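Please open the model in a viewer and keep the selection panel at hand. The stops below proceed from one selection to the next.

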There are 2 protein chains.
Amino acid sequence: MKKSLADKIEQYLKVLIDRSDDKRIEIQRSELAETFSCVPSQVTYVIATRFTERDGYYTESRRGGKGYVRITRFSMPQEGANLSDLFSYCDYLTEMELLTERESKLLTHLLVNAFNQFPAETREEIFEGIKKALSEYVKTES
Amino acid sequence: MKKSLADKIEQYLKVLIDRSDDKRIEIQRSELAETFSCVPSQVTYVIATRFTERDGYYTESRRGGKGYVRITRFSMPQEGANLSDLFSYCDYLTEMELLTERESKLLTHLLVNAFNQFPAETREEIFEGIKKALSEYVKTES
DNA sequence: ATAGTCAAGGTCAAAGATGGTCAAAGGGTG
DNA sequence: CACCCTTTGACCATCTTTGACCTTGACTAT
């Protein structure tokens, strides 16, 4: 897939967050713009479209000298999904009104019942795949 | 019988999919149109008529800068039975009004995207499990 | 304290870049 | 000829990139 500038900046920031100790980074908008040779508002755009609460992030910022933008990931990272993780993710999506009660119930039913024949590690991989696909889905679907 | 442009584009895409690792390709509509010296909507036409769900393909796209069209083949000779089975089962449940359109779409997305890291046999088992759990679900839910 | 200056970040709308839709025109085949 | 599939193009929807203008906060000179 060809990556747009916005995609690249998004990825860059997500790697930074992954590497951070507390899933939180502070950047300077203009500095990042400089790094990617773009206008500062491009950074604002990326944050506005890819680091929303829906996506599991919240942001704070301060203007003026020594300003910053802080991004914190509050939802679970992609790795190591387990059943209860996915449950809370479903709950979360339901609260955000990205899934209906019924949809959440359907998913929950599947999660509990559909994969019992697999060993624990396989199930974990399955859950991980579902989680990723689910987060893609809610992004495009509302 | 003479091969139409649409036929050529179809063949071209199918070769690309065959060669791909995961039976999934991403193209740019306008670029492909350029390659075949035709209007972009020709590509849309080919995809709409020859890469349907019935044919065993699933497509997604994104507009705007660096947009793309992604085509996934889910129906490979050996494993196709199950996934397309599940698809038609979803369709069936939707027609019976046991699932909503949106629920069916959500499931379809998960089916196509969540399990690509697994080998075909595992996927088949997964689909089987899902099908069972799904049929239980709709029983309890009505 | 007060006001001025400058260095951030924010907003918003326009322009650019793709893909989608639909209906009309074109062409081949029975 | 009639029908169906193909080809085109005008217009639409969505996502990205850019830039002009606005707001805020820290620091400094008075």
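Helices (H or I, at least four residues) and strands (E, at least two) are DSSP runs, numbered from the N terminus. The model is predicted: local features need pLDDT of at least 70 and side-chain atom pairs count only at pLDDT 80 or more, while totals for chains, interfaces and linings use all residues. Residues are numbered from 1 along each chain as its sequence is written, and chains are lettered from A and ligands numbered from 1 in the order in which they are written.

Select DNA strand C first. It is surrounded by 29 residues (near: C-beta atom, placed from the backbone, within 6 Å), the closest being Arg29(A), Gly67(A), Gln28(B), Ser30(B) and Gly67(B). In chain A and in chain B, α2 (29–35), α3 (40–50) and β3 (68–73) each supply at least two residues of this surface.

Now display the contact between the chains (C-beta atoms, placed from the backbone, within 7 Å). Chain B contributes 21 residues and chain A 21 residues. On the side of chain B, α5 and α6 (120–140) give two or more residues, and α6(B) gives the most, with nine.

Finally, select α5 of chain B, residues 101–113. Its buried residues (20 or more other C-beta atoms, placed from the backbone, within 10 Å of their own) are Leu106(B), Leu107(B), Leu110(B), Leu111(B), Val112(B) and Asn113(B).

Definitions and conventions:
Expected span 1.5 Å × (residues − 1). Buried ≥ 20, exposed ≤ 12 C-beta atoms within 10 Å, placed from the backbone. Contact = placed C-beta atoms within 7 Å.
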